[in-house]
Amino acid sequence: MWSLPASEGESATAHFFLGAGDEGLGTRGIGMRTEESDNELLEDEEDEVPPEPQIIVGICAMTKKSKSKPMTQILERLCRFDYLTVIILGEDVILNEPVENWPSCHCLISFHSKGFPLDKAVAYSKLRNPFLINDLAMQYYIQDRREVYRILQEEGIDLPRYAVLNRDPARPEECNLIEGEDQVEVNGAVFPKPFVEKPVSAEDHNVYIYYPSSAGGGSQRLFRKIGSRSSVYSPESSVRKTGSYIYEEFMPTDGTDVKVYTVGPDYAHAEARKSPALDGKVERDSEGKEIRYPVMLTAMEKLVARKVCVAFKQTVCGFDLLRANGHSFVCDVNGFSFVKNSMKYYDDCAKILGNTIMRELAPQFQIPWSIPTEAEDIPIVPTTSGTMMELRCVIAIIRHGDRTPKQKMKMEVTHPRFFSLFEKHGGYKTGKLKLKRPEQLQEVLDITRLLLAELEKEPGGEIEEKTGKLEQLKSVLEMYGHFSGINRKVQLTYYPHGVKATNEGQDPQREALAPSLLLVLKWGGELTPAGRVQAEELGRAFRCMYPGGQGDYAGFPGCGLLRLHSTFRHDLKIYASDEGRVQMTAAAFAKGLLALEGELTPILVQMVKSANMNGLLDSDGDSLSSCQHRVKARLHHILQQDIESVFSSHDSGQLLAPTGSTSLLNSMAVIQNPVKVCDQVFALIENLTHQIRERMQDPKSVDLQLYHSETLELMLQRWSKLERDFRQKSGRYDISKIPDIYDCVKYDVQHNGSLGLQGTAELLRLSKALADVVIPQEYGISREEKLEIAVGFCLPLLRKILLDLQRTHEDESVNKLHPLYSRGVLSPGRHVRTRLYFTSESHVHSLLSVFRYGGLLDETQDAQWQRALAYLSAISELNYMTQIVIMLYEDNTRDPLSEERFHVELHFSPGVKGVEEEGSAPTGCGFRPASSENEEMKTDQGSMENLCPGKASDEPDRALQTSPQPLEGPGLPRRSPLIRNRKAGSMEVLSETSSSRPGSYRLFSSARPPTEMKQSGLGSQCTGLFSTTVLGGSSSAPNLQDYARSHGKKLPPASLKHRDELLFVPAVKRFSVSFAKHPTNGFEGCSMVPTIYPLETLHNALSLRQVSEFLSRVCQRHTDIRVPGYHPRVLESSAVPGSLLSKEPASPSASPSAHAFSFSLK
C-alpha cells in the first residue's frame, strides 16, 4: 500500500511524501520535484550517483493538524535536509488500518488531538521502536490537568495556588465544597473571588472565572474560540455542581497572556495575546488570524521552559504563562503545538528538529554529518535608532466620572451590639472600621432593627441612640431590596472618651464621657451611565498621548498605542481607590484606552489594582487633622458674618484668600454677604422640595422615572435631608453642606432638567459661588496650610510617582518585545511605562496644591510657570475626569548622567465642562506650546519662522522653498511654535473640514483667530484632548519618510521640512464619537454627557532631576506629619540627586514592609 516511486526513492534530494487517505494531494508533496521535469536528469544521474541512505520521518496526527499551515511550512523546510524523507500517515490509515499495516519509519512525530487514537500510536511505537520527537505515554498525563499540575509541582515550577475537587464516589475525602457569597472552600483550602474553575479534563475548555460581588459579581465563561469570541460574561455567580474541577487563585495579568512554544530544551518562542478572560473578543488581523506578538522571555522563564520540555518529554511543546506581580506562573501545558504566522519560527523549528533527528540517527546510517557550531539563538540587544526623544513614561492622576449625589449621615452609637460588631471585624487594631460587604451591612441592619424594636417596646429605655437616626439608617440599608458594596458603606470610628465636640456647639465636657463609636453611613455616589461614557471616551482619546497615537488613522499602521500595548512594549498598570465609582471609572477608561468590549466587571478585576495599597489613593475624609479642623472652624466663622459687602473688603480678601486666587475672588464678588446668600439658597431648597411634593401628588407622575432609575420619592428624600441639615436649630448654617447642595443641583440640572423645576438655575448659580469658596478652602486657606493638608492626603502617591519616574530606566525586569521576530513593528526596542491613578477629588486637589505651592519653580524667574499658575488660579472647579498628566522623555544621544538626558512635561485638564460654563472658562497656554526661551520669536502671521525656532539664522529656509502653499488656509489652522531642538517626531495637523457637531469628542480644538495664537481657546469650541491644533513631538514616533520609502507609500505633501525631518500630515481622522449615538450597549442618557476640557500644558521644559528633587524635598519635609492619608509604614523616599539612575528603589534604611510596598506597586 505504501510503495514509493523508484525514481524518487533514489533521488539525492530530500523528499516529502503524503500517505494514503489524503485525497486530492496524490503522492507528490511539498518540496518534491515533478517526475516529468526531472525524469531526464534522474536517468542521467542514476548510473553515476549511488543511492544514499534516507532517514524516514513519519508524521502521525489527525489531518487537520498534519496539513495545517504551520506543519506544512515546517515540513517543507525539514525536507531541505539531504538525508531526511518525510511521510505523512493519512487519517484513514491511522483510524482504520491496524498498526502492522502502517508504513515503517525511523523517527516519529506523533501527537494527540481530538479524535486521535493515542492507544494505536503507542502500540505502533512499541512495534517499530522509532525515535520519538514527543513522548507518547506522557501525552496521557497532558490530557488531565490534575496530572499536569502534579508534575509541574514536582519540578518546582511556580503555578497558581490550587485545590482539586474530585467528585468521585470512591474518594469522598476529596469532594468537600463549601460555597460562600464571595468565596469557596475546597477540601479546606479557601479561595476568595476572583478565582478560576477549570475542568480536570484538558480537552474541556469551559473554564470559568468568578468575580466578587464588590466588582459586580457574575462570571466570565471561557471556551474554545468560536468565530471572534473566546469567552462571554454571565451574571451567574454560583460554581458548577457536577463534574470534577481544579479551583485556583486568579492571577491579575493586566489583560495579556503569554504562550510559550519550545522546540527542544534550549529553544523557546514566546507570544503575547489578549487574555480571553478580558472581554472575550478575539483580536484578528486582515487575514482573520488571531493577533499575537512575540515577546522576550526572562532568564527565569527560559529555565521554566526547559523544565516543562524535559519534564513532559515533549520536544515540541506549548504552555501558558501568566505574568503577575513580578512573577511568572505556568497555568496550562498543551503538548505539541506550533507558532502561527512566524517565518522565523518555522526556520528555527525545522532547523532544530532536523539537527535533533540527525544527531540521534545519523550514526546508525553511517551518514557523514556534524553538529552545526553556530548559535541557534543569537542574542539581540534592542537599540533605539535615531536621535528623536523617546516617550518613556506617562503618569496620569484622574478624578472619577459623573456620579449620583453622595449622601452621608453621622450618628454617635454606644450600644454594646455596635461595639461587638466593631471588635468582630478587627476595628480595635486601627480604631477605624469600614463595612462594605453585603454580609457586613446585613449585620448593621440586623442591629438597627433590633434596637428600633426595643425602642418601640420601651420608649424610655436605656438605648441612647436617637430613633430618627436609626430609622434613617434602616431606611437607607433597606433601599433597593439588596446590598451592593459599590453603593453603600458604613464607617465606624472609635473614640475612647466619647465623640469630640464638633462645631455644632456641643458641650466640651463630653470629652469625659464613656467610649463611643462615630457611625458614618454613606450612600449614593455611584458612577452614572454618563460617567462611564466620559471615562471610556477619555480613554479612547488618551491614545493620542503616545507615539503615533492615531495608529491606522494616520495612514501608518502599527505605530499606535494599541499595538504598543499588544506587543508588550507598553508596561501598563492601573490603580484605583476602593470607591466603587472610582474603580468603575478606571475600568471604563481601560476599556476605551485598549479598545476592549463587553462588561466592565472582567476588565475591573483583571486590569485595575485597588487592594492593599497602604493609603495610596484612599483617604478617610471623616477623620480630620488638627490643621483641617482649624481651617474648617475659621472658614465656618468667616462665612457666618452677616455684613453687607463683607466679601468685597480688602481685609476679607486677605483673611479668606491670602493666595490671591482669581476664581476665589470672583466667587467672593458674587456672594458679597455669605449669610444672605445662604438665606436665598435655603429658600430655593424649600421651594424645590415643595415643587417635588406637588409633583408627587400629580397622578401623571406616579410612575415617573428620573435619570439612572431614581424616583421622585428618592429625589425628595435627598433634598429634604439637605433642607433639614443645612439650617441648624440655632438658625446658623452648616457650611459643610454647601458642597452637597451644589452636587445635588448640578446633578438635577444636568440629568433631570426635563422635570422643569423652577429656581434650579438660580440655585445652581448661588450654590456654585459658595462651593467655589468652600471646597478649595477646606484644603487650606494659606499656602502653608494648603501644602500641609495636601501632603497629608497624598504623601504615598507622591512617593509612588517619584518611583515611577526613576524606575523608567529598569528595563531588565520589563516584558519586552523580541526584536528578532518583530517584522512590521517599526521600533521593537521602544518601551513605554504608563501608570494611571484614579482617585477622588481630595487627592486631585492635594496633588495640584503640591505643584502650585510646593516650590517646584520660581514663578518670578520662569514666565511659562507664571502663566500656568495664573491659569490654575482662574480654575474654579476640579470637575469629574480632572487630569494631571506627567510625561517623561529620554534623549538616548545624551550622556546618561546629563540633565538633558531626561525631560519632563506637566499637563492639566479641569475635567468635564460644567453646565453653566459655556464660554466662561479660563484659557491656558495650549498643549505643548513654545518654551520661554522661544517666546520672543513672534513674527508676522504669514511667516514660518515661529515654527522652526531651532533653525540657525544662516540656514536657508528650505521650508519655504518646499512649501509654496500659504501656511494658513481654510483647511489648515494656525500652529503654535514648538521646541524642535528638544523633541522631533511625527506631527499631525487636523484639517477643519470634518464636522464638529455639539457632543462630538474631538482630540484637538478648532482653529483660533490670529489674536489668540498664544491662547488655548478653552471655550465652547474646545472639546478635544489637547487644546491646540498641533500635537507636537510624538517623540518616539518613527521617521515617516523612511517608513514610506521602505514600504512604498506616498506621503502627502508636507507643509514644511525641518532639519529634524518634521512632517505635517493633514486630515488625520479623529476619534469623533457622538455621545448621543454612543455604541456602548445599555447606556442611558448619553446625549446629556458634557464634553471634557482639553489638556493644557503647565510646563514643558522640566528636567527629571528638577522634578525628582522637588518631590523628594516635599516628601522629606512632611515625613512626620500625621494627617489623613499618611501612613508611617509606607515606603520612605529614596530619591537623592546622585541616585537618580540607581536601580535600588528604596533607601537602605527603609523598613522591610516599605520594600514590599515599593515592589508590589510597580
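Me: Contact means heavy atoms within 4.5 Å. With that in mind, which residues does Thr315 touch, not counting residues up to four places away in sequence?

Reply: In this predicted model, the residues that Thr315 touches, once those up to four places away in sequence are left out, are Ile133, Asn134, Thr262, Val263, Gly264, Cys309 and Leu353. Thr315 itself belongs to the loop that runs between α9 (299–311) and β18 (316–324).

Me: Why does Thr315 count as buried?

Reply: The word buried is kept for residues under 20% relative accessible area. Thr315 has a relative accessibility of 17%, and therefore it counts as buried.

Me: Thr262, Val263 and Gly264 are among the residues touched by Thr315. What makes β15 and β16 a hairpin, and where does Gly264 lie?

Reply: The two strands, β15 (residues 256–263) and β16, run antiparallel and are joined by seven bridges, whereas at least two bridges are needed for two strands to pair. Four residues lie between β15 and β16 in this hairpin, and Gly264, which is in the turn, has a positive phi of about 80°.

Me: What makes the aromatic pair of Phe726 and Tyr733 tilted?

Reply: An angle under 30 degrees would count as stacked and one over 60 as edge-to-face, with the rest called tilted. For Phe726 and Tyr733 the angle between the planes is 35°, at 4.8 Å centre to centre, and the pair is accordingly tilted. Phe726 counts as buried at 0% relative accessibility, and Tyr733 is buried with a relative accessible area of 3%.

Me: How do you know that the charged end of Arg240 sits over the ring of Tyr208?

Reply: The distance has to be within 6 Å of the ring centre, and the direction within 35 degrees of the ring normal. The charged end of Arg240 sits over the ring of Tyr208, 3.6 Å from its centre, and that of Arg161 sits over the ring of Phe191 at 4.3 Å.

Conventions
Residues are numbered from 1 along each chain as its sequence is written. This is a predicted model: local features need pLDDT of at least 70, side-chain atom pairs count only at pLDDT 80 or more; totals for chains, interfaces and linings use all residues. Side-chain values use heavy atoms; hydrogens and water are left out. Buried means under 20% relative accessible area, exposed over 50%, partly exposed in between (1.4 Å probe, protein chains only). Rings of Phe, Tyr and Trp (its six-membered ring) pair if their centres lie within 6.5 Å; planes under 30 degrees apart count as stacked, over 60 as edge-to-face and the rest as tilted.
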